[in-house]
Structures are given as structure tokens and as C-alpha cells.
Number of protein chains: 2
Amino acid sequence: MRTQILQLLRTHSGQYISGEELSRMLAVSRTAIWKHIQSLKNEGYAIEAHPRLGYSLRQAPDLLSPKEIKACLESQLLGSHIHYFTDVGSTNNEAKKLAAEGCPEGTIVVAEAQTIGRGRLSRGWFSPHGKGIWLSVVLRPPFQPQQAPKCTLMAAVAVTKAIRNFCDLPCGIKWPNDILYDGKKLVGILTEMNAEMDAINYIVIGMGINVNITADEFPPELAEIGTSILAAKGHPVSRLHLLCRILTELEQVYQQVVREGFAPILEEWKTLSVTLGQAVNVIGPDEQYSGTAITIDEDGALLVETDTGLRKVIAGDVSIRPRQPANNS
Amino acid sequence: MRTQILQLLRTHSGQYISGEELSRMLAVSRTAIWKHIQSLKNEGYAIEAHPRLGYSLRQAPDLLSPKEIKACLESQLLGSHIHYFTDVGSTNNEAKKLAAEGCPEGTIVVAEAQTIGRGRLSRGWFSPHGKGIWLSVVLRPPFQPQQAPKCTLMAAVAVTKAIRNFCDLPCGIKWPNDILYDGKKLVGILTEMNAEMDAINYIVIGMGINVNITADEFPPELAEIGTSILAAKGHPVSRLHLLCRILTELEQVYQQVVREGFAPILEEWKTLSVTLGQAVNVIGPDEQYSGTAITIDEDGALLVETDTGLRKVIAGDVSIRPRQPANNS
């Protein structure tokens, strides 16, 4: 009922709608309408009540609640089922649990804060309350498990496009799937899968997007390597609308991949990359080396030209080396 | 305590050991010993009690209980933790749950019966009580997720060697990981993994081994395609000793792969294969075709020579075509 009231208030944005009209349209008493309006106010909605004109929504709270998401969601599949937490250990863990229990494709898990947010290889992810988008998406793609790493590239493309378009921020992708602005990490993506040898049961794409974290809120160890959209732009942006934009972009690239395969997305990844053409250090599972990042191949692996030849990087950490000043400078 | 009593009875196999001696060695009263002996008898152990000589173990029940397994286990890692069920939905599901909760590598799940035993791609697996080995093994291999399909070939090699050596039954592997005898299925293997894009969290190798199922116990739809060791040999074999042999073989090939990579195991797989050299029908995710199975490549994919060239089979069902009688026969 509260979702329906909000929807009606939103369609009358900037105007008033009377309690009587709401009561008629939703077939409940005016007292019931009044009670729901009070609850919405308690949740943080700024609703003006005018004795003659009725109610008007002035401002919604900056929450990623299902009510709010549903009101601005444009994607069909992604976000069709929303699990929302004020605090959660890790959205990926929740999403994996739901996926193992058989939740439908497109289910998302969103939290205001994560207490044990995880990055790749069990590294932590700073996820303060109400300042970022801590999101996991469950997909059940008809791909072979071997193709799963390309899902992570696909997600990086979608999120980069959403941030570039919605925030007008020229961020780029560091292989395989970190999104950087000005050399600092804006977004981390952690993709996990559960698969038989010849079929994926499910994939969970987790994203940590630093939205409205001020520079001085980062813990000291992240101050030099992390950034946020707020820090980059100088003003906060709507987490809600960015989230919905990301879901729309991800749905589009996912449907494109299912339809046409990965090739077009890999081309798009290349144009959004900040890694290609750079001098890089590679720390692989067994060894370290340096070289120049040339391109990615059809499997999504990074090709690095080294003194001893071309190397294919499937796993590992790749860091971009700062340009050396020339000797004669 | 009962495990220790059993162990002592076993080390005195064919002889008697007095209640007094047991009581002294285990530092408990003779009454306590007597009570434990009664419990063991209730569990199905045939223990003879002689008024003067003491106790002698005549026969152990054919159960895959942790007590029994521990008494004959030779592997170090595999079986170090045993979860045993009289009835369970699916040993793979239990193993995945345990693995997600962080159980150590080498944990095994064994059941006397599965109520919803699963094969590949959610197909069922007939798992009657006390007649087979319904087993799942949790590994945490230091491989890339791309290498996981080769774990399933590794498991097929281990189980085939165990059955060949322990039962003297010339069974062989149908690509990728069914074990056949006389063209009928003796063993199915279902490998599932949980992984990040560049690290495996865990792999569960599930095996359904038809041991002592009589031919007429198979449901009608399996009568033509399933077989058992009992049906093939004409007499039952010890599930317990075969299970322990499988764990030993699997541990050996696993350790070899960690040490030397997959190449030697892939060679061994080829020598144990019944698919290579045969005319096959391939039903892939998107299409069907026929050809001759030539070999497996370094990724474990099956290479099939067709009229239109060499095809690489990563996923799908491959059936061996019965030889056509020659036209002039």
C-alpha cells in the first residue's frame, strides 16, 4: 500500500493529491491513508500535508530500499526480485545463498552497509553505511563455465558506461575489472560462480561502487588508492538513480552477449580500458614480470609484451607502472 | 571407545582377546567393555564371546560408517573428515554445504542411500540403500577455474584404476567421465565447483558407483544402460574396501597433478578410454553431429573428426555408435 501511495505521489510530482482522492483510488479509508503517510514520513520521506490541497512528496530519503528501486527501475530482468539489507555481512554471500536455494535470475541483493565486504581473493572492501552501492546480481547464463571470466569484463563495461553517462565522469577499466578514476579505484567487481563442468548453475556479480564517500572518510590505507564519485565530482550523486542506471546497462550488455556472443563487448571493453598500451607489472600466481599491455584476446586474457616474448595473463594482479621521467629531463 | 575396541579386535583377527585385556588396555571396567560389545553387536558386528578366551570379531556389517572407513583408510588427506548418512538427499549437495561453511580439504560425504541422487545436468541417479558407493569428495585445488574440467578426468582415471585393480574388471572411461563395462554405465561422476574468476573456492567430486546392485534391481529405464560390479562379476564385493581403494587412488592422482600438472593424467586417461577411436554421435548445446573420436587435447576437450573437419567437444553428450555390420555380411 505504501508503495502504491508513493507511486501516486510521484506521478503528481510538484503538485498535491488529496487524501480523499488517494482514498478513492486505493479503496481504503482516509484514516488508513493518513496512517501510511505518517509511516512514510518516519522512513524519511518529506511529505507536505496541506489542509485543503492534500499531500505532496518533496523529497525521498537516499535509501536503496525496494520501494525506491522499484519506483525508478527500468530494467525488466535485473531487479525483478530485490533483497534489501540495512546491514549485511557481504551481499555476494547473501546472493550465493539465495542462488543456491533457487532464486530466479535477475535477483539482486542491495545493502546500505557491508560489515565484511569482500574483494577478489578474500581481500576486504570498505563499505560504509549509505555512501556507496553495495550490490550483487544473480545471473544464470547459458554459457560454458570457461566463458565465465568474460562475464566479469561484461560487468565492468556496463558499470563504466553507467558512471560515464550518468555522472559524466571519464573513468576507465583496469584489467580485468576494476574501474579507476585518476588512477584510483572507484569500483571493484567480484564475480563468483557455481558450476558443473559443462553448465553454469549461477553467477553472482558483486559490485562495490564508491559513490558519496568523502576523501577523508577513507581509512588511511585506502587514502592513496581509493576514490569516490563525490571526491571526483565535488558533489554527491543519487545512489538510487545510479543503481538503476547500472542495472539497465548491465541488462543491455547481458542480453547482447546472449544474442551475439562476447565479441562486441570485448571490443567495447578495449575502448574503455586504461590498461592497454601501458607499462605494467604482473604478479601472477607463480611469478612476477613487467611488460607492456597490448590487448585482450578472445578469452578475455590480457596479452603482455615482455623482453622474453608475449605473455598471456589469465589470473593475477596487474598494476600500471607510472611513466618514468626521461633520462635527460 | 567402540572404534578402539573394534581396532583391537581387528588386530587380533582370527584370535580371541579377553575382556580383562581389553579393559586393561583401554583403562575402563570390564562391564563397560561388555556394554560396548553389546552395542557393536546391535550395529551388526558378529562378535563371538567365549567364556574363557574372550571376544573375537567374525564379521563386520557391510556399512560405510566412519568407524569402518577409518579402520581401513590408507589415504592421508581424503577421508580425513567423514560425514556419514544412512539416507541423504544428495551427497554432492551436503558436500557443497560443508564446503561453503569452510570444511577442510579432503572432507568426504558418504551415504548408504540417496533419495535425490543427481547426475550431470540435473538428471537423476539411482542410489539404492547399501548397494553402491554414493560418495562426494571436497577438494580445494590450487588450479585456475579453467582447469576444473580436467579434475573430472582425473577422478575418472582414479576410479577406473581402483575398480580395475580391486575388482579385476576391465572397465573403461566414456568421455568425459562415465565409467562403462560392456557398454553399460557402472559409475557416474558429477563434478561441481565454486570459484572466483581467478581462484577455485572448492570443487566437489561426486561419484555414484553401482557395486552390489543385482541386474533385476535396476528400474526398467536403466536395465539396458546400467550395470554393476556384482552383475559383471557374478558375486558381490566389499563396498568398504573399494571405497578406501578409490580414495587412495584419487589422492595419488591428485597429488601427482598438483606436483606435475595434468599432462601425465591425460595420457593415462587416453589409455583407459573406451571412446577414442570409436564412431560417436555428439549432442552439443546447440547442434548434433557424428564423427570419429580422435583424442583429447590438453584442455581435456574431445576432438572429433567429422565430414566437415575436426570439431572440439567441450560440453555435451557423446554416445558411442554401435558398429554397422558390413554390407557384405
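This is a predicted model: local features need pLDDT of at least 70, side-chain atom pairs count only at pLDDT 80 or more; totals for chains, interfaces and linings use all residues.
Helices and strands here are DSSP runs, helices of at least four residues and strands of at least two, numbered from the N terminus.

**Backbone details**

The peptide bond leading from B:W175 into B:P176 is cis, and its omega is near -5°. In chain A, a cis peptide bond likewise joins A:W175 to A:P176, with omega about -5°. A:P176 sits in the loop between β6 (172–174) and β7 (178–181) of chain A.

Two positive phi values in chain A are also worth a look. A:A27 has a phi of about 55°, a positive value although this residue is not a glycine. Its place is the loop between α2 (19–26) and α3 (30–42) of chain A. The other case is A:G261, which takes a positive phi of about 85° just after α9(A). Helix α9 of chain A itself covers residues 239–260, 22 residues in total. From first C-alpha to last, α9(A) reaches 31 Å, close to the 32 Å expected at 1.5 Å a residue.

**How α6 packs in chain B**

Two packed helices are described by the angle between their axes and the distance between the axes. Here are those values for two pairs that share α6(B), residues 148–167.

| Helix pair | Axes come within | Crossing angle |
|---|---|---|
| α6(B) and α10(B) | 9 Å | roughly 55° |
| α6(B) and α9(B) | 8 Å | roughly 135° |

Take the pair with α10(B), residues 263–272, whose axis crosses that of α6(B) at roughly 55°. This angle makes α6(B) oblique to α10(B). The crossing is left-handed. On the α6(B) side, the contact is made by B:L153, B:M154, B:A156, B:V157 and B:T160, while α10(B) brings B:I265, B:L266, B:E268, B:W269 and B:L272. By class, that contact has 8 nonpolar, 1 polar and 1 charged residues.

Now for α9(B). This helix and α6(B) are oblique to each other as well, and here the crossing is right-handed. Residues of α6(B) in this contact include B:M154, B:V157, B:A162 and B:F166, and among their partners in α9(B) are B:L242, B:I246, B:L250 and B:V257. Sorted by class, the contact of α6(B) with α9(B) has 13 nonpolar, 1 polar and 3 charged residues.

**How the two chains meet**

How is chain A related to chain B? A rotation of 180° with 0.0 Å of shift along its axis superposes chain A on chain B, at an RMSD of 0.1 Å. The two copies are thus related as by a two-fold rotation axis. Which residue of chain A comes closest to the rotation axis? That is A:N194, whose C-alpha lies at 2.2 Å.

At the interface, 20 residues of chain A are in contact with 20 residues of chain B. On the chain A side, the elements giving two or more residues are α6 (148–167) and β8 (184–196). The largest share, 7 residues, comes from β8(A). The side of chain A that touches chain B divides into 11 nonpolar, 5 polar and 4 charged residues. Finally, 100% of the interface residues of chain A are also interface residues in chain B, so the copies meet through the same surface.

Notes. Residues are numbered from 1 along each chain as its sequence is written. Chains are lettered from A and ligands numbered from 1 in the order in which they are written. The expected span of a helix is 1.5 Å times one less than its number of residues. Copies are superposed by least squares on the C-alpha atoms of residues with pLDDT of at least 70 in both. Two residues are in contact if their C-beta atoms, placed from the backbone, lie within 7 Å. Axes are lines fitted to C-alpha atoms, for helices over the stretch in contact, and angles run from 0 to 180 degrees between N-to-C directions. Angles under 35 degrees count as roughly parallel, over 145 as roughly antiparallel, 65 to 115 as roughly perpendicular and the rest as oblique. A crossing is left-handed if the near helix is turned anticlockwise from the far one by less than a right angle, and right-handed if clockwise. Ala, Val, Leu, Ile, Met, Phe, Trp, Tyr, Cys and Pro count as nonpolar, Asp, Glu, Lys and Arg as charged, and the others, Gly among them, as polar.
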